[in-house]
Amino acid sequence: MNYLVIIWQVAFVLIVLSLVWMATLVLLRIVRTQKKVYFSHLRQKITEAMAAILWDETGQAVIEDRSLWKSQMVPEVFLDFVALVRGEERDRLVRRLERNRVDDDMRRLLRHPRKFVRFAALEALAYFPGLPTAKSVDSLIERSLSPELRVAGMRTLVEIKSYPAVPDVMAEITKLNGGSRSLHAVLSKLALHRLRDVLAYLDRPDITDIERAALLRALGSSADYAVMDRLTYALEHGSAMIRAAALEGLARLEHPEAAPPIARCLKDNDWSVRAGAVRALREMSFDGYADDIAALLSDPAWMVQFEAAQALSQMGATGRNLLEVSARAIGNETASRTASLALAELSAAEALQ
Amino acid sequence: MMDTVLLAAKYTGLMVIFIGVFQYSIYFLHLVLAGLQMARSGRAARTEALWRRYSETVPPIAVLVPAYNEEMTIVESLSSLMAIQYPNHEVILINDGSSDGTLEVLKREFDLAETSRLYSPQAPHQPIRAIYRSRHQKRLIVIDKVNGGKADALNAGINVSRAPLFCCVDADSVLEPDALLRTVKPFMEDPERTIAVGGTVRIANGSVIRKGQVLEVRLPRKLLPLLQTVEYLRAFLMTRIAWSRLNTVLIISGAFGLFRRDAVLDVGGYTLGTVGEDMELVVKLHRNMIENKRDYRIRFIPEPVCWTEAPETLSVLRNQRTRWQRGTLETFDRHSVMALNPRYGLVGVLGFGNVLITDVIGPIVDAIGLVLFPVLALTGSISYDFFLAYIAVMSGFGMAISVGSLALEEAQLRRVPKASDLALLTVMCVVENLGYRQLNSLWRIRGWVQYLRKSESWGVMTRTGFTSS
């Protein structure tokens, strides 16, 4: 057959196929519109049932229509509902749902084929701590191919205080090239509640720079001053990323004796470390290094100038005086411009108040 | 002599057909990749779920809104941006030397007071006259500067902003309330590597919009915006998602995009004096990252929706398309070293290769076909199959691709409100290929001509405003 014939015939077939596909989708849409009405009704029924359980005066309400609670919509409706009730009422709702084995139904939904249903179930199960939930979530983390679901699972484990193993979290961080912000939040919780495991992992000789940086940042959330030595030691590391992470950790730790090692980083070769050091001193309100910070108003890196100006602006009279001196300085245009703008901003903010 | 001319014409015709087949093979590949990507990412989570998940950890975002002579609509646009669902954002409006009363309206409506702000002069722009802060909207900052164009205004905004991420939004566009929450997702999941994320832009003509909010999504009532609706679906839901999967997205619409500030400042911000500043910036980002051997991601996600008003008259649409073509050619010329260059990986070979075939050579080939084939057919110089093969390339494959994009939309997003609207859009997918696309090719040739003449005009872009919708 002539290739020109093939071309127009292929086009013809593709047009017909695409139109058939589209016609099917239009028909499906009509069906879906009907289903949407059904789901909206179902949502309403589940919400009403939850309200009935919560406000039942006898406290003995038993769910009669079990099929309603097996619906894929239950976790989602539960999350919306639970956002509206707080404190004792929330606890009561959870207890009563547990008594009616609704949490079992939700755990079963962790095997639902739809990802968003599994996701909602994972989040909802954070309100139902205990061994069965921990086991189900662990199992989901093991078998799930979706990093999003695995991270959500780890968050749920942290929320029910059944902490995931540090190597598992670190493996996820490595897989995700440094990890998501949620994963770093998980690691911070591990540093607070499983510090020994975190330190043991940090002592491994084979960890990558990305892992080390994540761990050092998390150590700041450990609320244990004993980790200060490790963080201070990391300030001497060859990698700027690790030095910056250690500074973040020190700033979070807020140890009163952290100022001298942080201040030494004001003279670091890497601008991100210098900026991090100024930020850390500002966050910890260490005003004793005002002169060193003022010297950074003429730093070649804009971010360092900016952080220095911000730090001085927040220091009260001392910082303001130094900004005024720098603004008037002759022969140092960069420092003068930065300080003038910072002073103008300070005055404008005061005027607005 | 006549025989030689006819033979040459026939061979040219064959070339037109084969280039067309090659182009559509790429489009079919886009369709498959986009389908795989959308199936993999699944349906988007509801806003409440996103809110629960991200509210504590989202990074701050500066929303940059360049405005030039927008006194009629600016208050409504800003009010809608201030009310957007995001826990940590500030809105920076850049009044780019408007000659109407834009600044006065803003001063009056938002109770602006002159302030000062420490900012970096890293990206080049015209001088800033003053910076204002609203007394009652703490998150609103207004920059008044000397006129310099959109890229210039955005550079001023980038310099003055402090958030690690910035989102550029056109003053006449409307964002869905959860657009930022959704767009920030890739930055949350892969904060180290993600440097830019684009979202879908849709046509607002016909929808009910009040006070900067889309109250009811409806299809446009006029033919031209309806045809553009199909066109936008194809561009956003097929091409960009496919390129996103390969990390070769070359354009993030100037109407709505989220960028990492430090990455943009690394390349000196937006390039001044170009009409295609949005594409130019993304290509610059790719180039900088690849040349410095850095691991990075530029993503496009289908869900976040920014609504924009499409041109309703042929002359305005022609100006817009001519300008887009010029912008693409300018960017291609400026970064031509990347084209088909393996050193730039998939971006150079596939991304730029596609620009070369579709945007640089494409309009010329289309125009040759449009002139040549009617002549050959009328003189009886080509066979029936030859002519049908050309019709297949000119319209047939295009219909299948457009319907395929609409099917993807319906399978994954379902933003078209009703089944009857879907049916109407399906008809438009067919109609679009019977004249409208060919007209577009001719406008792109006009863009080529203007580019060669080094024209710098933006053309007139008349908008009727959302309130009339």
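# Notebook: a predicted two-chain model

**Entry 1, chain A.** I began with the contacts inside chain A, and among those with a separation of 6 or more, residues 24 or more positions apart account for 62%. I noted at once that this is a predicted model, and I kept that in mind for each entry below. For the secondary structure of chain A I found 20 helices and zero strands. Its radius of gyration came next: the value for chain A is 29 Å, well over the 20 Å that the globule rule gives for 353 residues, so chain A is more spread out than a compact globule. Along the principal axes, the C-alpha atoms of chain A fill a box of roughly 80 × 75 × 55 Å. I also looked up burial, and 39% of the 353 residues of chain A count as buried.

I then looked up how helix α9 (residues 166-175) and helix α10 (residues 181-193) of chain A pack, and found an angle of about 155° with the axes 10 Å apart. Angles over 145 degrees count as roughly antiparallel, so α9(A) is roughly antiparallel to α10(A). On the side of α9(A), the contact is made by A:Val166, A:Val169, A:Glu172 and A:Ile173, and on the side of α10(A) by A:Leu183, A:Val186, A:Leu187 and A:Leu190. The crossing in which α9(A) passes α10(A) is left-handed.

The box filled by the C-alpha atoms of chain B, taken along the principal axes, is roughly 80 × 45 × 45 Å. Of the 469 residues in chain B, 52% are buried. Among contacts in chain B between residues at least 6 apart in sequence, I found that 79% join residues at least 24 apart.

Is strand β11 (residues 256-260) of chain B mostly covered or uncovered? I found it mostly covered, with five of its five residues buried. B:Phe256, B:Leu258 and B:Arg260 point one way from β11(B), while B:Gly257 and B:Phe259 point the other way, and all of them are buried. I next looked up the partners of this strand. Strand β6 (residues 165-169) of chain B pairs with β11(B) in the antiparallel sense over five bridges, and in β11(B) the residue opposite B:Val169 is B:Phe256. Strand β8 (residues 194-203) of chain B also runs antiparallel to β11(B), to which three bridges join it; there B:Gly198 stands opposite B:Gly257.

Helix α13 (residues 384-412) of chain B packs with helix α1 (residues 3-54) of chain A at an angle of about 25°, their axes 8 Å apart. This angle makes α1(A) roughly parallel to α13(B), and the crossing of the two helices is left-handed.

B:Asn247 has a positive phi of about 55° although it is not a glycine; B:Asn247 is found in the loop between α8 (223-245) and β11 of chain B and is partly exposed, with 18 other C-beta atoms within 10 Å. B:Lys293 has a positive phi of about 55° as well, and its place is the loop between α10 (277-291) and β12 (297-308) of chain B. Is B:Lys293 buried or exposed? I found it exposed, because B:Lys293 has 6 C-beta neighbours inside 10 Å. Last, I looked up B:Met72, which lies in the loop between β1 (61-67) and α3 (74-82) of chain B and is partly exposed, with 15 other C-beta atoms within 10 Å. The C-alpha atoms of B:Met72 and B:Phe352 are separated by 40 Å, with the two residues 280 apart along the chain.

Notes:
Residues numbered from 1 in each chain as written. Chains lettered and ligands numbered in written order. Predicted model: local features only at pLDDT ≥ 70, side-chain atom pairs only at ≥ 80, totals over all residues. Buried ≥ 20, exposed ≤ 12 C-beta atoms within 10 Å, placed from the backbone. Helix = DSSP H or I, 4+ residues; strand = E, 2+ residues; numbered from the N terminus. Pairing = 2+ DSSP bridges. Contact = placed C-beta atoms within 7 Å. Axes fitted to C-alpha atoms, helices over the stretch in contact; angles between N-to-C directions. Parallel < 35°, antiparallel > 145°, perpendicular 65-115°, else oblique. Left-handed = near helix turned anticlockwise from the far one by under 90°. Rg over C-alpha atoms; globule rule 2.2 N^0.38 Å.
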